[in-house]
Amino acid sequence: MTTSATPTHCPYCALQCGMNLTPVPGGGVEVSERVDFPVNRGALCGKGRTAPVLLSSLLRLTSPLVRNAGVLEPASWDEALARITEGLSRTRTEHGPDACGVFGGGGLTNEKAYALGKFARVVLGTSQIDYNGRFCMSSAAAAGIRAFGLDRGLPFPLEDIPRTGCVILVGSNLAETMPPALRYLTELKANGGTLIVIDPRRTRTAEQADLHLAPRPGTDLALALGLLHLVVAEGRTDEAYIRERTSGWEEARAAAMAHWPEYVERITGVSVPRLREAVRLFCAPKDAMVLTARGPEQQSKGTDTVGAWINLCLATGRSGRPLSGYGCLTGQGNGQGGREHGQKADQLPGYRKLTDPAARRHVAEVWGVDPDSLPGPGRSAYELLDAMGTEIRSLLLMGSNPVVSAPRAAHIEQRLKSLDFLAVADVVLSETAALADVVLPVTQWAEETGTTTNLEGRVLLRRRAVTPPDGVRSDLHVLHELAARLGVEKGFPTDPEEVFDELRRASAGGPADYSGITYRRLAEGDGVFWPCPAPGGAEGSEGSEGDSPVRDRSVQDCSVQDRPPADRPAEDRPAKDRPPADRTAEDRPAEECTGDRVHPGTPRLFLDRFATEDGRARFVPVSHRAAAEEPDDEYPVLLTTGRVVAQYQSGAQTRRVDELNAAAPGPFVEMHPRLAERLGAADGDPVAVVSRRGRAVAPARITPTIRPDTVFMPFHWPGEGRANNLTNPALDPTSRMPEFKTCAVRVETVT
C-alpha cells in the first residue's frame with residue numbers, strides 16, 4: 001500500500017469521476033476530493049464516496065471456490081484453474097470451439113476487455129463472445145455509426161454542455177444515475193440556456209427542466225419524428241448545412257412529414273402545443289444539443305429512435321459544429337472503452353469490423369496468428385445467453401451478473417443452470433457466481449492499474465492504491481494462466497501497461513485509434529480523447545479497409561488547426577490562433593501533429609468532416625412502429641425500468657454497502673394514485689407485477705409524478721422483486737438491444 005494519496009477514478013458510472021485514495025492507519029483507505037479533475041471537479045455521489053467499503057476482505061471473495069457434490073467450497077488457485085481448463089477443453093473436444101462461450105462486462109478495463117476478446121478468438125477459437133454493454137449503449141452506437149460513420153458517446157467534452165443554448169435530454173435521469181453531472185445542466189440554465197427533459201416520469205432531473213414532456217413508454221421515435229415534422233413545417237431547417245454537410249435528406253424528410261402533430265399526440269400523449277413549444281425552445285438559440293440515454297435506446301426499435309433524434313440535429317444544422325450536436329450518455333464505468341476493443345461479438349480492437357479482411361490481417365499480425373484462424377461474428381449478448389445449455393455448453397464469464405441484469409431473467413437463470421460448465425471471475429459472490437462450477441476472486445479498481453474510457457471518449461488511467469488480499473489475482477493473471485494451460489504460452493502478459501501497449505498497436509489506424517496514447521501521457525494529465533494516432537502512424541498499422549480515412553476524417557489530424565477561425569469560440573480555434581491564456585495542454589502539440597510530433601487527442605469530433613466515405617453525415621429515413629408488446633385486456637399497463645441513486649446496475653456490489661442499502665433497501669413499484677385507487681392499494685402495500693414472462697412482488701410507491709398508464713420498477717435486486725423477470729427480450733434488428741424499457745403488465749394486490 002502507498003503511504004500518500006493516489007489520484008485515481010471511481011469504479012462505477014461512465015463519468016469516471018476523479019478521486020484521491022489515502023491509506024488510513026489501521027487499514028483501509030479514505031476517499032477525498034480531486035478538485036483538479038475537470039469531469040466532476042471534486043464532486044462525488046454516495047456510491048463513489050463509499051466505494052472503498054468493498055475493499056474489505058469481509059465483503060468480497062478472497063479464495064477460489066469449486067463445486068463439489070453441489071456445494072461451492074474453497075480451493076487452491078491451481079485446482080480452480082485446472083477445473084476451468086478441463087471444463088473448457090472437454091467442451092471443445094466434444095462439441096467444437098463454438099460450444100464455448102465468453103461473456104464480458106462494461107466495467108472491465110480496456111486491457112481486460114482487449115485480452116478477453118483475444119483469449120476467446122486465439123485460445124478458444126470461438127466466435128461466441130459478447131458482453132453486458134450490449135444491454136446499455138448498443139442502439140446509440142449503431143445509430144451513430146449509421147449517421148456519422150463513428151461511435152463515440154459524446155463527440156464533445158462535458159464542459160461544452162453549459163455553454164450551449166438548449167439541451168433536449170431524452171430518457172435520462174442524471175440526478176440519480178450520475179449525480180455529479182447534474183451540475184452541467186444547472187450551469188446551462190444559469191447561463192441562460194434551456195433544458196427540455198423527455199421522460200414518462202417526473203424525475204429529479206425532470207424537475208430541473210424548463211419543459212418536461214412525458215410520452216407513453218415506447219413512443220420516443222414518434223415524438224422525435226413529430227418534432228422534425230414541425231421543424232420542417234415551420235421553416236426552421238438549416239438548408240445550407242443540409243446541402244453542404246449531409247446526404248439523404250429528402251427521404252428522411254418525407255418519412256418525418258408522415259408524422260403530423262395530432263397523430264403524434266395520439267401516439268405519445270404529448271399535446272400539440274407542448275410539441276410546438278419544444279421546437280421553439282430547441283430552434284431559438286444558435287447552438288443546441290440532444291443527449292440520449294437508456295430510455296430511447298433500450299427498445300426493440302432503439303437504433304431507429306436514436307436515428308430520429310440525430311435527424312433532428314442534422315436538419316437544424318447542429319452536429320459537427322461547436323457547442324452543438326448529438327451525444328449519448330454512456331452508462332457503465334467503461335461502457336465506451338468496453339465496446340471498442342474486441343469483447344463484442346462482431347468486433348476487433350480499435351472498433352474494427354470482424355468481417356473486414358484488412359482489419360483481420362492487421363490484428364492477426366499484432367497477435368502473431370493467421371488471419372484465417374480468427375472466427376467470424378458470433379451471437380449477441382441475449383442470444384448467447386439464450387443458447388446456453390443447447391448450443392453453448394460451457395461459459396467463462398467476467399464482470400457481469402445476468403441472473404439479475406438480463407431480460408427475462410428467470411429464463412436466463414435456468415439457462416445458466418443447464419450449462420455443462422460455468423466459470424465466473426468476480427469480486428463478490430454475485431447471484432450468477434453462486435451458480436458456477438468454479439468462482440475466481442479477482443482484483444478490483446483500487447487494487448490494480450488499468451485504463452478506462454469515459455462517456456466523453458476521454459481515456460483515463462486508474463492507479464493501484466492498495467494491495468489486494470492474499471488469494472486474489474487479477475483478471476489478466478487469470479487469462480494468462482488459462483491461455484498457458486490451454487496451449488498458448490505467449491501473448492497474454494499480466495502487466496497492464498504491456499497489454500495496453502499491444503492494444504495501442506492493434507487499434508492503430510482503426511476508428512478508435514489509441515496508438516498515440518501512453519501510460520506516461522495519461523499519468524501526466526487529465527486523460528486523452530481518442531482518436532489519437534501515433535506520430536506518423538504506429539508501427540505495423542496497416543489499417544482496415546476504410547479505417548485510415550475514417551481516422552483522418554474524424555480526428556482531422558491538422559485539418560482543424562488549418563481552418564479559418566471565424567465564428568468559432570476561442571477554445572475551438574486552432575491553438576496558433578488563440579491567445580496564450582486560452583491554450584490548454586491539449587493544444588500544445590495541435591499544430592505540430594505530423595512527423596514525430598505528439599497528437600493532442602480529439603476532444604471535439606466532426607468539426608470539418610464526418611467519418612463517412614464522403615465526409616457527410618447521413619440522414620436515415622425512419623418511421624414510428626409500435627413496441628414489440630402493447631397493452632391489452634389481460635396486460636393493460638406499461639412497465640418501464642431504471643435505476644435509483646444509491647444502487648448500481650445489478651447491485652452485486654452496492655447491495656453490500658450498509659450506507660447505500662439504508663438509502664435504497666429494496667425494490668418498489670412506482671404507480672400513479674389513479675392506478676392505485678383502481679387496485680385498492682395503499683402506499684407500501686405489496687403488489688405483484690405480472691407479464692407474459694414472469695412475476696415480481698414489491699411495495700407500492702404511490703406518486704403523481706408518473707403517467708397513470710405506467711408503472712416503474714428499479715432493476716437492482718434479485719429474488720421476488722427482480723424486475724427483469726418481467727422485461728421483454730425482443731431485440732432491435734440492428735443493435736440486438738433487448739426491449740428493457742417497455743412491456744405490457746398487469747398489477748395485482750397481494751394478500
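Two strands count as paired here if DSSP finds at least two bridges between them, and helices (H or I, at least four residues) and strands (E, at least two) are DSSP runs numbered from the N terminus. This is a predicted model, where local features need pLDDT of at least 70, side-chain atom pairs count only at pLDDT 80 or more, and totals for chains, interfaces and linings use all residues. Residues are numbered from 1 along each chain as its sequence is written, and side-chain values use heavy atoms, leaving out hydrogens and water.

**View A. Five strands line up in an open sheet with parallel pairing.** Reading across, the order is β10-β9-β8-β12-β13. β10 (211–213) and β13 (325–328) sit at the edges with a single partner strand each, so one side of each has no neighbour in the sheet. On average, neighbouring strands are turned by 15° against each other, direction ignored.

**View B. β12 (residues 289–292) meets β13 through four parallel bridges.** Look for Val290, which stands opposite Tyr326 in β13.

**View C. Helix α11 (residues 272–283) packs on the sheet.** It touches β8 (166–170), β9 (194–198), β10 and β12, where contact means heavy atoms within 4.5 Å.

**View D. Helices α7 (residues 220–233) and α13 (residues 302–315) cross at roughly 20°.** Their axes, lines fitted to C-alpha atoms over the stretch in contact, with angles running from 0 to 180 degrees between N-to-C directions, come within 8 Å. Contact residues include Leu221, Leu228 and Val231 of α7, plus Ala308, Trp309 and Leu312 of α13.
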